[in-house]
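Please read these notes with the model open beside you.

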Amino acid sequence: MDMRAIGLGLAFAFIWSSAFTSARIIVADATPLFILSMRYLVSGLIGVGVALALGQSWRLTASQWRATIAFGVLQNAVYLGLFFVAMQTIEASLAAIIASAMPLMVAIASWIFFRERLGAVGLIGLVAGVAGVALIMGSRLSAGVDLMGVAICFVGVLALTFATLTVRGASSGGNLLMVVGLQMLVGFVALSVATLLFETPQVTPSWPLAIAFIYTCLAPGLLATWIWFQLVGHIGATRAATFHFLNPFFGVAIAAVLLGETLGPRDVIGVAIIAAGILAVQISRQRSA
């Protein structure tokens, strides 16, 4: 793995993990589905506009269109929509920890549906990762965490798992920034419908909301997605997914620094176990690829 891949991977992991903290700030002053749909509208228009300025085309390949629509609905609308709803009642650090289970679920799905082999190291990592999640969940449940919020997050992670399995089709054929912008607009359309069905939009203007909203539109929204597609195109989805082992660390660290969220000893141990499990699973998948 070259220095470009390492730089892209570290940047993606940090920016992606920061989204939980910015989301927690946003939903304190705005209804989640509406504000997230507005984020996708802004991000999508910027992405498509910049792509057109760079000479990229609307004419995507058939596989790109399929992946763009699937990614836009599953990741942007379902996954992040559910996480925004859940983060009205659960902490950003817990949301980040639950989301970090995604690489483990991808490994399980690849094993079941694509017959992808996992060696002994991968199986040990898979068991360790699940055990780490269970350890943290046990600690949080005993402390009275909102069960509905946790359940909503796990459903969101399931949607993200299927979205991740579609990314290979979106990262081939060029026009990556156009793909990023269009899948944001797909998320905007899907969430606009959800807002009309389930929510009465409300926004309480504040500086924290404005700063977090702008950051979320530009960094986790556009930049992190573009970096992820670049990384997958450069080293492949299996190797790129290795960087997800950093997400539990970055997620809880950023929430602790910016939001003052506290972590108990079982949380710290659980995060370390999850990260080690994810790394073991991805190393095993690379060896069998």
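1. The largest cavity has a volume of about 260 Å³. A cavity here is a set of points, on a 1 Å grid over the protein atoms alone, where a 1.4 Å probe fits but cannot get out. Grid points are joined across faces, edges and corners, and the volume is the space filled by probe spheres set on the points. The count comes to one cavity of 30 Å³ or more.

2. This is a predicted model: local features need pLDDT of at least 70, side-chain atom pairs count only at pLDDT 80 or more, and totals for chains, interfaces and linings use all residues. Residues are numbered from 1 along each chain as its sequence is written, and side-chain values use heavy atoms, with hydrogens and water left out.

3. Which residues are the closest to the centre of the largest cavity? They are Phe12, Trp16, Gln75, Tyr79 and Thr225, out of 22 lining residues. Lining means having an atom within 4 Å of a point. Helices H1 (3-26), H2 (32-53), H3 (62-86), H7 (147-164) and H10 (207-235) each give two or more residues to this lining. Helices are DSSP runs (H or I, at least four residues), numbered from the N terminus.

4. By class, the lining of the largest cavity has 15 nonpolar, six polar and one charged residues. Nonpolar covers Ala, Val, Leu, Ile, Met, Phe, Trp, Tyr, Cys and Pro; charged covers Asp, Glu, Lys and Arg; the others, Gly among them, are polar.

5. Helix H5 (102-113) gives the most, with four residues.

6. Phe114 lies in the loop between H5 and helix H6 (120-142). Phe114 counts as exposed (over 50% relative accessible area), because its value is 55%.

7. Ala51, in helix H2, is buried (under 20%), with a relative accessible area of 0%. Its C-alpha atom is separated by 22 Å from that of Leu36, 15 residues apart along the chain.

8. Val271 lies in helix H13 (residues 265-288). At 3% relative accessibility, Val271 is buried.

Terms used
1 Å grid on protein atoms, 1.4 Å probe; cavity = no way out; pocket = protein on both sides within 12 Å on 5 of 7 lines; lining within 4 Å. Buried < 20%, exposed > 50% of the residue type's maximum accessible area, 1.4 Å probe, protein only.
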